[in-house]
Every structure is written in C-alpha cells, then in structure tokens.
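Please look over the sequence and the model below before reading on. The report that follows goes through a few parts of the structure in turn.

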Amino acid sequence: YSEKHNAARVCIRGRESNHRYEAVSSTGKYRGAYQFSPQLAVGAGWQIQKELRATGTPKREAIAIGRMLRANKMNTWAPYWQEMAFWLVWRKGAGRSHWPTGPGCPGRYR
C-alpha cells in the first residue's frame, strides 16, 4: 500500500471496472477490478505467493494460496487478493504502464 499512489489506484479501479471486482471485459480477456490479462494474473499469483513467504506465512500455506489464485480467473479472486495483486504489480509506480492514462484522475499515473 502507498498513500501517495492511493488516489491513482482508486481512479484506475473506477475506470477499469467501475469498482467491480467481478468485472469481465467485453472481450472476456481482462478480468477483475483492475482488468488483468490472464498472463498478468498468473504472474500476480506468483508475486503474491512470494510476498506471503517474505512476510512470514508458512510455506505450505503460501504455496496453496498461490496455486489457488493461479488456477482461477482473477474476477473470482477475493477483493483482498485483487488489491494485493494491484500493489505488487504497481511497484510504487514502476508498473503504471499496465494501465492506460486519461483525464480526470488525480495527478498523472502514466
């Protein structure tokens, strides 16, 4: 979580899915509140597993959670995991290129 980038996160979620965690794009490819592609969602599942291990979650539990996330489409993930995925991919702004920019959002996030 980053207080500095939280307004951009809320704006991105609103633009991408109208704040709906179960959202699916019209093409069916992009899913979840932040409209991750299937490949990005799988990568985020690995990142979450790694983060869980780094923050003290037992290895078996972290692996089970990672497997569960990677096996399911992101729009079925709990909001907690979708938010965690966003922040891990966002990487303090370094991952901003995953989302388009546009007028109306606080500051420029691209």
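## The largest pocket

Helix α4, which spans residues 79–90, contributes the most to the lining of the largest pocket, with 4 residues. The structure shown is a predicted model. The space in this largest pocket comes to about 170 Å³.

Its lining is made up of Tyr 1, Ser 2, Glu 51, Met 84, Trp 87, Leu 88, Trp 90, Arg 91 and Lys 92. Sorted by class, these lining residues are 5 nonpolar, 1 polar and 3 charged. As background, a probe the size of a water molecule, rolled over the atoms, shows where empty space remains.

## The segment after α4

Two of the lining residues, Arg 91 and Lys 92, deserve a separate note. Arg 91 is located in the segment after α4, and Lys 92 is also found in the segment after α4. Arg 91 has a positive phi of about 45°, although it is not a glycine. For Lys 92, likewise not a glycine, phi is positive at about 60°.

Arg 91 and Tyr 1 are 90 residues apart along the chain, while their C-alpha atoms are separated by 9.5 Å.

## Aromatic rings

The model holds 8 aromatic pairs. In one of them, the rings of Phe 86 and Trp 87 have centres 5.2 Å apart and planes at 75°. Edge-to-face pairing requires an angle over 60 degrees, so the pair of Phe 86 and Trp 87 is edge-to-face. Phe 86 is buried, with a relative accessible area of 0%. Trp 87 also counts as buried, at 15% relative accessibility.

Which residues do the ring pairs link into a cluster? The members are Tyr 1, Tyr 34, Phe 36, Phe 86, Trp 87, Trp 90 and Trp 99.

## His 5, before α1

His 5 is found in the segment before α1, the helix of residues 6–17. His 5 has a relative accessibility of 12%, under the 20% limit, so it counts as buried.

Leaving out residues up to four places away in sequence, His 5 touches Trp 87, Trp 90, Lys 92, Gly 93 and Arg 96.

Gln 49 is placed in helix α2, which covers residues 38–54. Is Gln 49 buried or exposed? With a relative accessible area of 12%, Gln 49 is buried. Apart from neighbours within four places in sequence, Gln 49 is in contact with Ala 62, Ile 63, Gly 66, Arg 67 and Arg 70.

How values were computed
Residues are numbered from 1 along each chain as its sequence is written. This is a predicted model: local features need pLDDT of at least 70, side-chain atom pairs count only at pLDDT 80 or more; totals for chains, interfaces and linings use all residues. Side-chain values use heavy atoms; hydrogens and water are left out. Rings of Phe, Tyr and Trp (its six-membered ring) pair if their centres lie within 6.5 Å; planes under 30 degrees apart count as stacked, over 60 as edge-to-face and the rest as tilted. Buried means under 20% relative accessible area, exposed over 50%, partly exposed in between (1.4 Å probe, protein chains only). Helices (H or I, at least four residues) and strands (E, at least two) are DSSP runs, numbered from the N terminus. Contact means heavy atoms within 4.5 Å. On a 1 Å grid over the protein atoms alone, a cavity is a set of points where a 1.4 Å probe fits but cannot get out, and a pocket is an open set with protein on both sides within 12 Å along at least five of seven lines; lining residues have an atom within 4 Å of a point. Grid points are joined across faces, edges and corners, and a volume is the space filled by probe spheres set on the points. Ala, Val, Leu, Ile, Met, Phe, Trp, Tyr, Cys and Pro count as nonpolar, Asp, Glu, Lys and Arg as charged, and the others, Gly among them, as polar.
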